[in-house]
Amino acid sequence: VIASSIENIAVEIRHLQRTEVLEAEEYFSPGQKGSSAMPHKRNPVLSENLTGLARLVRMSVTPALENVALWHERDISHSSVERVIGPDTTVTLDFALARLTGLIDKLVVYPENMRRNLELTRGLIHSQRVLLALTQKGVSREDAYRLVQRNAMKVWEEGKDFLTELKADPEVTAVMTPEEIEANFDIDYHLKHVDTIFARVFGEEAKAAG
């Protein structure tokens, strides 16, 4: 489970470092080589390494489970297996955790690219809030879904702006003012608990719980 959690983080970093995403990347030191054939590359080598290490740890699961069935509850067929997977797995996991710690400590984050990628949706990320706001105005959920989806499809298919389309929809403006519609497009709404979450995980609350 720990190895899979490590890999989950590593895979996410590998995705975030893709050229077309680039919301975060591994630290790339001066003079470091990304590819012997393509000098421009900055490969996520640590994350890729962690993905492989996680597989090595997980491969111990099958022999560990096969150690359960023993003759008369106690033969020693399991002993040779444990002598290998015990030290190999724990040492590999320890190394992976240390490598992941170093990776996170030096991780380079690009907030401006995060916002750029969000804006590529032309407002569609706010569709759920608009849906809920319509229901709070007395519109049935089925009708609210229809109204939001109708305008969202224009964004997908015609490259329209979601907020602009909602403000121009007479069925939407019949129950919501332009200001009320726009209030649902505040990105800070989704970030309002970030500090609380970080304090709980990394701050004094986490230390007390530990």
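Why does Val194 count as partly exposed? Select Val194: its relative accessibility is 31%, so it falls in the partly exposed class (buried is under 20% relative accessible area, exposed over 50%, partly exposed in between, with a 1.4 Å probe and protein chains only). The model is predicted: local features need pLDDT of at least 70, side-chain atom pairs count only at pLDDT 80 or more, and totals for chains, interfaces and linings use all residues. Residues are numbered from 1 along each chain as its sequence is written, and side-chain values use heavy atoms, without hydrogens and water.

**Confidence.** Colour by pLDDT, the predictor's confidence in each residue, from 0 to 100. The mean for the protein is 92, and 97% of its residues reach 70 or more. Confidence is highest in helix α1 (residues 2-16), at a mean of 97, and lowest in helix α12 (residues 204-209), at 56. Helices (H or I, at least four residues) and strands (E, at least two) are DSSP runs, numbered from the N terminus.

Return to Val194, which is in helix α11 (residues 194-202).

**Cores.** Next select Val130, Leu134, Phe162, Leu166, Ile181 and Phe185, the residues with the most contacts inside the largest nonpolar core, which has 18 residues. Such a core is a set of buried Ala, Val, Leu, Ile, Met, Phe, Trp, Tyr and Cys residues joined through side-chain atoms within 4.5 Å. Helices α6 (127-136), α7 (141-158) and α8 (162-167) each supply at least two of its residues, and α7 gives the most, with five. A second, separate core of twelve residues includes Ile6, Ile13, Ala96 and Leu100.

**Val175.** Move to the loop between α9 (170-173) and α10 (178-183), where Val175 lies. Val175 is partly exposed because its relative accessible area is 28%. Its contacts (heavy atoms within 4.5 Å) are Leu134, Lys137, Val139 and Glu180, not counting residues up to four places away in sequence. The C-alpha atoms of Val175 and Leu134 are 7.5 Å apart, across 41 residues of chain.

**Positive phi.** Finish at Arg122, in the loop between α5 (111-119) and α6. Arg122 is not a glycine, yet has a positive phi of about 55°.
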